[in-house]
Amino acid sequence: MKYLKRILHAVLFFAGLYCLLLLSSQFFLPKNNTEEAGMEDLTANGFLAEKENSIDVLFLGDSEVHRSVIPMQIWKETGITSYDCSSDRQVLSYSFSLLKRAVDRQKPKIVFLETDAVYREHSPMVALYNEVSELFPIFRYHDRWKKMSRHDLTLSAKRTWRHYNKGYKYAIKGDPSTNKNYIVPTDEKEDIPKINIMYTKMIKDYCDSIGAKFVLLSTPSTINWNYKQHNGLKQFAEELGCDYIDMNLMPNEVPIDWDIDTFDKGNHLNYRGAVKVTNYLTKYITETGLCKSHKGDPEYAQWDEDYKQFEEQVNAN
């Protein structure tokens, strides 16, 4: 009887702690997806203000994504909607959090995962933090207490900040790469960290559960990619049973000119390079037949307005 009482007290304690963390998290969670409200990674979370079930394609990953994929170009050419859920040095546990966050409001037909993150070092403690803070946002937003207002004491939230580039970060300057022969054929494979294998499988399984096609994508980079990594990802993709697109080995389909198509010596692409990447992705997405055009649909009129802003940005440069 003594042990049963101890177990009961422990259960009640942890149940109370759970409820306390859950309730306090609702207060600390930003009530808007703006910088003023304290939202993290604004552009990556810009999809929160998009209409429910209006995004067809999601791109997950680090800065290689938001420098390489232009959703507004895809919209202009096909009427298909997409968003770059991308942040600097994104790790896979955070990619998984962003995906689940997006699926709370959206029903993507295709989910791309950029593979630079698959090889990024990812400690179990960081993974644990991302998992726990997604369940209990108070751990991610505890510093907000100094800026909280009466509105934060309510449980209601609104999302008003929209990114007309849909997560893409525009850059036009050029700074050529000096490492143009970075793809040297070899039979060697670079091992993928075990924790990243686990999270990639989790993301793939989650996509399967929601009926979304999962695709691994390696965008062009002379600094972040090599043939050993390609071999490792190719084998992994075969094990997962998913498509793998490595644009670093596609000079004809994605003809990157490393003299003018990068703004930081081959690390990331500028707008000229991103157009070439997006040209291929637009064709790939269209050929899957999974997404329909929303052109002319009044429910998507805002996308035409967003494209006008995007076009003005490009024309100004």
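Biologist: At what angle do helix H4 and H7 pack, and how far apart are their axes?

Modeller: In this predicted model, helix H4 (residues 92–103) packs against H7 at an angle of about 15°, and the two axes are 9 Å apart.

Biologist: Why are H4 and H7 called roughly parallel to each other?

Modeller: Angles under 35 degrees count as roughly parallel. The angle between H4 and H7 is about 15°, and the two helices are therefore roughly parallel to each other. H4 passes H7 in a left-handed crossing.

Biologist: Which residues of H4 and H7 meet?

Modeller: From H4, the residues include Leu92, Phe96, Leu99 and Val103. Among those they meet in H7 are Tyr199, Ile203, Tyr206 and Ile210.

Biologist: What does helix H7 lie across?

Modeller: Helix H7 (residues 194–210) lies across E1, E3 and strand E4 (213–218), and runs at about 140° to E4. H9 also packs on the sheet, where it touches E1, E3, E4 and E5. The direction of H9 makes about 145° with that of E3.

Biologist: What makes strand E2 and strand E5 the edges of the sheet?

Modeller: The open sheet has 5 strands in the order E2-E1-E3-E4-E5, with parallel pairing. Strand E2 (82–86) and strand E5 (243–246) each have a single partner strand, so one side of each is left without a neighbour in the sheet. On average, neighbouring strands of this sheet are turned by 20° against each other, direction ignored.

Biologist: Why does His294 count as buried?

Modeller: Buried means under 20% relative accessible area. His294 has 6% relative accessibility and therefore counts as buried. His294 is found in the loop between helix H9 (271–288) and helix H10 (301–316). Leaving aside neighbours within four places in sequence, His294 is in contact with Asp56, Trp75, Gly79, Thr81 and Tyr300.

How values were computed. Residues numbered from 1 in each chain as written. Predicted model: local features only at pLDDT ≥ 70, side-chain atom pairs only at ≥ 80, totals over all residues. Heavy atoms only, no water. Helix = DSSP H or I, 4+ residues; strand = E, 2+ residues; numbered from the N terminus. Buried < 20%, exposed > 50% of the residue type's maximum accessible area, 1.4 Å probe, protein only. Contact = heavy atoms within 4.5 Å. Pairing = 2+ DSSP bridges. Axes fitted to C-alpha atoms, helices over the stretch in contact; angles between N-to-C directions. Parallel < 35°, antiparallel > 145°, perpendicular 65-115°, else oblique. Left-handed = near helix turned anticlockwise from the far one by under 90°.
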